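These are my notes from a first look through one structure. I wrote down each thing I looked up and what I found.

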Amino acid sequence: MHCPECGKLLDLERHGYLVFDGLVWCDGCRTYDRELLWPRELKDIAAWGRLLAENFNFELVTLEYLDDPGVYRLEETILTGEADHGRRIICLYPPGLRLATLCHELAHILTGEDHTPEWAVTCARLTAWVKTAVAKNQGPPGNSKVFSLAKLAQWP
């Protein structure tokens, strides 16, 4: 895959340097909308998961949450989430309570694949849909468009 704007070859294994938004872009050409990156409560992420399942017509995926830093803090990085394709479970860690992470892990579940082109396209579609829903304030009931700094200050 290549960035549709600059033509750079995209390494899907280095997905932290990519932006999934309708298409797959390098992070030099596109950035995520901040609403996709703000930390949210698990109940909000779960509500978005239900909304995505309804709109993309797939069976609801189970979400688990683990806040043990020994599990998600690795030597050179941190885990934000993990998808178990077989059991259709997404495990989220505190750094992954974000809409972008939900879309990333859902794409793994929906495709049954790791970081492949099919996964990347699915992730880009899910993320673009969520971005549009947030912008139009059409998220789950009780979810506001803007994640307030007051909420961020209360986040664990």
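Which residues point one way from S5, and which the other way? I am working from a predicted model. In it, Ile89 and Cys91 point one way from S5, while Ile90 and Leu92 point the other way. I noted that all of them are buried.

**Entry: the partners of S5**

Strand S3, residues 62-65, is joined to S5 by four bridges, and the two run parallel. In this pairing I found Leu63 opposite Ile90.

Strand S4, residues 81-84, is also joined to S5 by four bridges, but here the strands run antiparallel. Gly81 has Leu92 as its bridge partner, and Asp84 stands opposite Ile89. The hairpin of S4 and S5 has four residues between the strands. In that hairpin I noted Arg88, which takes a positive phi near 55°.

**Entry: Leu92**

I then stayed with Leu92, which lies in strand S5. I read a relative accessible area of 0% for Leu92, so it is buried. Leaving aside neighbours within four places in sequence, I listed its contacts as Leu42, Ile45, Leu63, Glu64, Tyr65, Leu66, Thr80, Gly81, Leu97 and Thr101. I also checked one distance: Leu92 and Leu66 are 26 residues apart in sequence, and their C-alpha atoms are 6.4 Å apart in space.

**Entry: Thr101**

Thr101 was on the contact list of Leu92, and I followed it up. I found Thr101 in helix H4. Is Thr101 buried or exposed? Thr101 counts as buried, because its relative accessibility is 3% and the cut-off for buried is under 20%. With neighbours within four places in sequence left aside, Thr101 is in contact with Thr80, Gly81, Leu92 and Gly96. Gly81 is the residue I had noted as the bridge partner of Leu92.

**Entry: the largest nonpolar core**

Next I looked for the largest nonpolar core. I found 35 residues in it. Those with the most contacts inside this core are Phe20, Val24, Trp48, Leu52, Leu99, Leu106 and Val130.

I picked out Val24 and listed what it touches. Not counting residues up to four places away in sequence, Val24 touches Met1, His2, Cys3, Pro4, Leu10, Leu18, Val19, Ala120, Val121 and Ala124.

**Entry: Trp119**

I placed Trp119 in helix H5. Its relative accessibility is 0%, so Trp119 counts as buried. Which residues is Trp119 in contact with, leaving aside neighbours within four places in sequence? I listed Leu12, His15, Phe20, His104, Ala107, His108, Thr111, Glu113 and Asp114. Trp119 and Leu12 are 107 residues apart along the chain, and their C-alpha atoms are separated by 9.3 Å.

**Entry: cysteines**

How many disulfides does a search of the whole structure find? I recorded zero. For Cys3, the nearest cysteine sulfur is that of Cys29, 3.8 Å away, and Cys3 is in no disulfide. Cys3 is buried, with a relative accessible area of 4%. Cys26 is in no disulfide either; the nearest cysteine sulfur is again that of Cys29, at 3.6 Å.

**Entry: the largest pocket**

Last, I looked up the largest pocket. I noted about 610 Å³ of space in it and 24 residues lining it. His15, Gly16, Thr80, Arg98 and His104 lie nearest its centre. Two of these, His15 and His104, were on the contact list of Trp119. S1, S4 and H4 each supply at least two residues of the lining. H4 gives the most, with five residues.

Key:
Residues are numbered from 1 along each chain as its sequence is written. This is a predicted model: local features need pLDDT of at least 70, side-chain atom pairs count only at pLDDT 80 or more; totals for chains, interfaces and linings use all residues. Side-chain values use heavy atoms; hydrogens and water are left out. A nonpolar core is a set of buried Ala, Val, Leu, Ile, Met, Phe, Trp, Tyr and Cys residues joined through side-chain atoms within 4.5 Å. Buried means under 20% relative accessible area, exposed over 50%, partly exposed in between (1.4 Å probe, protein chains only). Contact means heavy atoms within 4.5 Å. A disulfide is a pair of cysteine sulfur atoms within 2.5 Å. Two strands pair if DSSP finds at least two bridges between them. On a 1 Å grid over the protein atoms alone, a cavity is a set of points where a 1.4 Å probe fits but cannot get out, and a pocket is an open set with protein on both sides within 12 Å along at least five of seven lines; lining residues have an atom within 4 Å of a point. Grid points are joined across faces, edges and corners, and a volume is the space filled by probe spheres set on the points.
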